[in-house]
Amino acid sequence: MAKKSAGKKTVAKKSAIKKSADWDFKWPQERDVILRPERLRYVRKMIHFEGCVFCQARDQGTNPDSLCVYQNKTAMAVLNKFPYNTGHIMVLPTRHCADLTELTDQEHQDVQKLLKQVVQIIKTEYGVDGLNIGLNMGKVAGAGLPDHLHWHVIPRWAGDTNFFPLIAETKVVPENLGQTYSRYAKHFGTL
């Protein structure tokens, strides 16, 4: 009889665990999040950068290794090393600056002019349905690299966020950085 009683407890315990797991389970779209576990090391600052990656790209000049596809005296365009979508590029001042209000009028104008040019290139090259364009100024605002202003320009297409990134927790970017670099560089003449 003791064995039956112990067996019932085990079944009851497993049933309670199953109910608890069922109760806690939610589909990603019900949680209002998209999980990107591969970015954990980057977000938690487990990947350490020596100096500023944007200043390093500027100093290395326009080439596939630096991911810098264009630069002039005041503005530059650099591919995102960890793209959210195909064609993800950033526009930034060449001068190391963390605050928009500290840009000179010329720097601000040149960055905005380059931003407009990048948008046109993306529309021509990728035939996008839309774009996400954004600046996060400061660490608390979400800037991963808060010491150097940078505008993200992310191409978007209808259906680019489908079931795969939501269910499989994996984003498919069907183009590698070398291919993306080549597509942008031909517009800037930096191949």
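Which element gives the largest share of the lining of the largest pocket? The answer is α4, with five residues, and the sections below place that helix among the other parts of the chain.

## Basis of the model

This is a predicted model, in which local features need pLDDT of at least 70 and side-chain atom pairs count only at pLDDT 80 or more, whereas totals for chains, interfaces and linings use all residues. Residues are numbered from 1 along each chain as its sequence is written, and side-chain values use heavy atoms, with hydrogens and water left out.

## Overall layout

The protein chain holds seven helices and five strands, where helices (H or I, at least four residues) and strands (E, at least two) are DSSP runs numbered from the N terminus. Their order from the N terminus is α-α-α-α-β-β-β-α-β-β-α-α.

Of the 191 residues in the protein chain, 34% are buried, a term that stands for under 20% relative accessible area, with exposed meaning over 50% and partly exposed in between (1.4 Å probe, protein chains only). Among contacts (heavy atoms within 4.5 Å) between residues at least 6 apart in sequence, 62% join residues at least 24 apart.

## Pocket and cavity

The largest pocket has a volume of about 640 Å³. On a 1 Å grid over the protein atoms alone, a pocket is an open set of points with protein on both sides within 12 Å along at least five of seven lines, a cavity is a set where a 1.4 Å probe fits but cannot get out, and lining residues have an atom within 4 Å of a point; grid points are joined across faces, edges and corners, and a volume is the space filled by probe spheres set on the points. The pocket is lined by 30 residues, of which F54, N80, K81, M90 and L145 lie nearest its centre. Two or more lining residues come from each of α4 (53-60), β2 (75-79), β4 (130-135) and β5 (151-156). By class, this lining has 16 nonpolar, eleven polar and three charged residues, with Ala, Val, Leu, Ile, Met, Phe, Trp, Tyr, Cys and Pro counted as nonpolar, Asp, Glu, Lys and Arg as charged, and the others, Gly among them, as polar.

A search of the whole structure finds one cavity of 30 Å³ or more, and the volume of the largest cavity is about 40 Å³. Its lining consists of N80, P83, N85, T86, G87, H88, V173, E175, L177 and T180, which by class gives three nonpolar, six polar and one charged residues.

## Helices α5 and α7

For α5 (105-126), the 22 residues should span 32 Å at 1.5 Å a residue, and the end C-alpha atoms are 31 Å apart, which agrees; the expected span is 1.5 Å times one less than the number of residues. Buried residues of α5 include E107, D110 and E125 as well as L114, L115, I121 and I122, and the buried set packs against β1, β2, β3, β4, β5 and α7. Just after α5, G127 takes a positive phi of about 55°.

In α7, the buried residues are T180, Y181, Y184, A185 and F188. Seen down the axis of α7, they fall within an arc of 125° (taken from the directions from the helix axis to the C-beta atoms), so they line one face of the helix. What covers them includes β1 (68-71), β2, β3 (89-93), α5 and β5.

## A positive phi at L67

Most residues other than glycine have a negative phi. L67, in the loop between α4 and β1, has a phi near 65°, a positive value in a residue other than glycine. At 13% relative accessibility, L67 counts as buried.
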